[in-house]
Amino acid sequence: MATDVHRSVTRPAVHVEGLTRSFDGRAVIDGLRLDIAPGEFVALLGRSGCGKSTLLRILAGLDRDIEGTALVPRRRAVAFQAPRLMPWKKVWRNVLLGLPGRPERAVAERALDEVGLGHRVDAWPKTLSGGEAQRASLARALVREPDLLLLDEPFGALDALTRIRAQRLVGEVWQRRGCAVLLVTHDVEEAVLLADRVLVMDRGRIAHEQAVGLDRPREITDPRFAALRARLLGLLGVDTATETA
Amino acid sequence: MSISHAPPNPPSADISGISGPGHPGKGAFPGLQPVVPASARRARVPRWLRRTTGPLLLLALWQLLSATGVLAPDVLASPGRIAHVGWDLVSDGSLPSAMATSLRRVALGLVFGTVTGTGLALFAGLFRIGEDLVDAPVQMLRTVPFVGLIPLFIIWFGIGEAPKTAIITLGVTFPLYLNVYAGIRGVDAQLIEAGESLGLSRWGLVRHVVLPGALPGALTGLRYSLGIAWLALVFAEQVNADSGIGFLMVQARDFLRTDVIVVCLIVYAFLGLLADFIVRSLERLLLQWRPTFTGR
């Protein structure tokens, strides 16, 4: 099992050790160890049912039936696969929901501007397209100025073109904000495109780790990109012999 | 539902390279049929006129039957006669004062019933202990026909206003309870989770997620409740009443005045319609966020 050691000098943004989460006696997460450095973009890959979403929910504080250690920053935010906007609140009220104090509308407007949704501030969620709703959800996460941004397959339900734009947006936002990001995905290309480090989860543990040393912005056509992608697909049990040949 | 359409006869064809310039005449494409825009199919008669035609036809038929003597006056008075009697009842002040009495009873019963029903539903819906304590007794009590309780209420509360208000309160409470409770429990768990992840407190979750999510159910309950409130009023006012619309009806029955009875029924119907209109307006105002089908 490969775990991160070379970042132990700085205080990590996330520190998880010996984490176990069982459902009816079956350990979905089994003695997991994970460190994420401040400002690091980590992608978490794995077959469906391997426990990657459970891990994200634990880090978000939504699942507390755990054993072991999980240390996370106080300020963290989640964007789910479904945008999960409150349909009874206009977009800007959705963005401000749960913020302490009485934040002004301008705060929401700035966050929505950042994701390119400044023109839909006053819209009802039902009038947003899938991509717009997902961007509103991202704005709602960003407005909390998180030290840790948790993304649970946020592009999964988007069409191919919208997804490319949304991925680019997340990359830009991350570079601007400098927060640590944990991106749960099953899209290997997406992971290699965005992450500093790709983790592969299997049987409740981090089974493999792959640093992505490519310069940004990354090109899918780069042969090193293709090689990384093939290697990760191999770790996930997908035969890419025809592609690497 | 409104559907936006492309303007008819676009200045240039989209596939001019294929179809050639200009507009193709009829029969240029044998075997193809045009897709007719919905706006062209829409009837020219305005909707409100179409909707009023049915009742007006019925009214005309009724007048015709009365005028030809098929419908005897002591079975059912003619519409003309009813209008006349209605005007008399209004001008001598007996109908307005009866309406005021009845409206006050319904309003009082609605207020008490809404407070009780919503209060119980909130307690049962929001807290596990509330569910355990409240839900079973309420589910049991609601199966008792509330009209059957009138004799008991008369013994308990006498024959004044109290038993009438109590009957209406009881009738209003249960549909509201059921719908508000179901509305609270029907709120999407994913939204609750999202609210938690945004750092909402327990009260914040209730205020920003649970209650707005339960609102559609609550308004459905309110609509049921209003219907039942009028029903309960009719029952309550026909037992030992000395004022109100129900009293007018009982009195008319004793004198075989079908015209007065029909006037009272019409008043009930219009009050019911008014109540429905109020709830509809509330729904339009409060539920405009709802992404639901609104009919074609």
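Twelve of the 13 residues of helix α4(A) are buried, that is, they have 20 or more other C-beta atoms within 10 Å of their own, whereas exposed residues have 12 or fewer and partly exposed ones fall in between, with C-beta atoms placed from the backbone. The buried residues of α4(A) are A:Gly131, A:Glu132, A:Ala133, A:Gln134, A:Arg135, A:Ala136, A:Ser137, A:Leu138, A:Ala139, A:Arg140, A:Ala141 and A:Leu142. The model is predicted: local features need pLDDT of at least 70, side-chain atom pairs count only at pLDDT 80 or more, and totals for chains, interfaces and linings use all residues. Residues are numbered from 1 along each chain as its sequence is written, while chains are lettered from A and ligands numbered from 1 in the order in which they are written.

Helix α4(A) covers residues 130–142. Its 13 residues reach 18 Å from first C-alpha to last, close to the expected 18 Å; the expected span is 1.5 Å times one less than the number of residues. The cover over its buried residues includes β5 (76–79), α2 (91–96), α3 (105–114), β6 (148–152) and α5 (160–177) of chain A. Helices (H or I, at least four residues) and strands (E, at least two) are DSSP runs, numbered from the N terminus.

Chain A holds eight helices and nine strands. Its radius of gyration is 18 Å, close to the 18 Å that the globule rule gives for 245 residues, so chain A is as compact as a globular protein of that length. The radius is taken over C-alpha atoms, and the rule is 2.2 Å times the number of residues to the power 0.38. The C-alpha trace of chain A spans about 50 × 45 × 35 Å along its principal axes. Of the 245 residues, 42% count as buried. Among contacts in chain A with a separation of 6 or more, 69% join residues 24 or more positions apart; a contact requires C-beta atoms, placed from the backbone, within 7 Å.

Helix α7(A) spans residues 223–235. Its 13 residues reach 19 Å from first C-alpha to last, close to the 18 Å expected. A:Leu228, A:Arg229 and A:Leu232 are buried in α7(A). Seen down the helix axis, the buried residues of α7(A) fall within an arc of 100 degrees, so they line one face; the arc is that of the directions from the axis to the C-beta atoms. They pack against β3 (41–46), α6 (188–194), β8 (197–202) and β9 (205–211) of chain A. Exposed A:Pro223 and A:Ala227 sit on the face of α7(A) turned away from the buried side. A:Gly237 follows α7(A) with a positive phi, near 90 degrees.

The largest nonpolar core has 107 residues. Such a core is a set of buried Ala, Val, Leu, Ile, Met, Phe, Trp, Tyr and Cys residues joined through C-beta atoms within 7 Å. Those with the most contacts inside it are A:Leu45, A:Leu59, A:Ala139, A:Leu150, A:Val181, A:Leu182 and A:Val198. A second, separate core of 12 residues includes B:Ala77, B:Ala98, B:Met249 and B:Val262. Residues up to four places away in sequence aside, A:Leu182 touches A:Ile36, A:Val42, A:Leu44, A:Leu56, A:Leu59, A:Leu148 and A:Leu150.

Most residues other than glycine have a negative phi, and most peptide bonds are trans. A:Glu145, in the loop between α4 and β6 of chain A, has a positive phi of about 45 degrees. With 11 C-beta neighbours inside 10 Å, A:Glu145 counts as exposed. A:Glu153 also has a positive phi of about 45 degrees and lies in the loop between β6 and α5 of chain A. With 19 C-beta neighbours inside 10 Å, A:Glu153 counts as partly exposed. The peptide bond from A:Arg216 to A:Pro217 is cis, with omega near -5 degrees. A:Pro217 belongs to the loop between β9 and α7 of chain A.

Chain B comes to 12 helices and zero strands. Buried residues make up 25% of its 296 residues. Helix α4(B), residues 79–91, reaches 18 Å from first C-alpha to last. Just after α4(B), B:Gly93 takes a positive phi of about 85 degrees.

The contact between the chains takes 13 residues from chain A and 17 residues from chain B.

Notes: Two residues are in contact if their C-beta atoms, placed from the backbone, lie within 7 Å.
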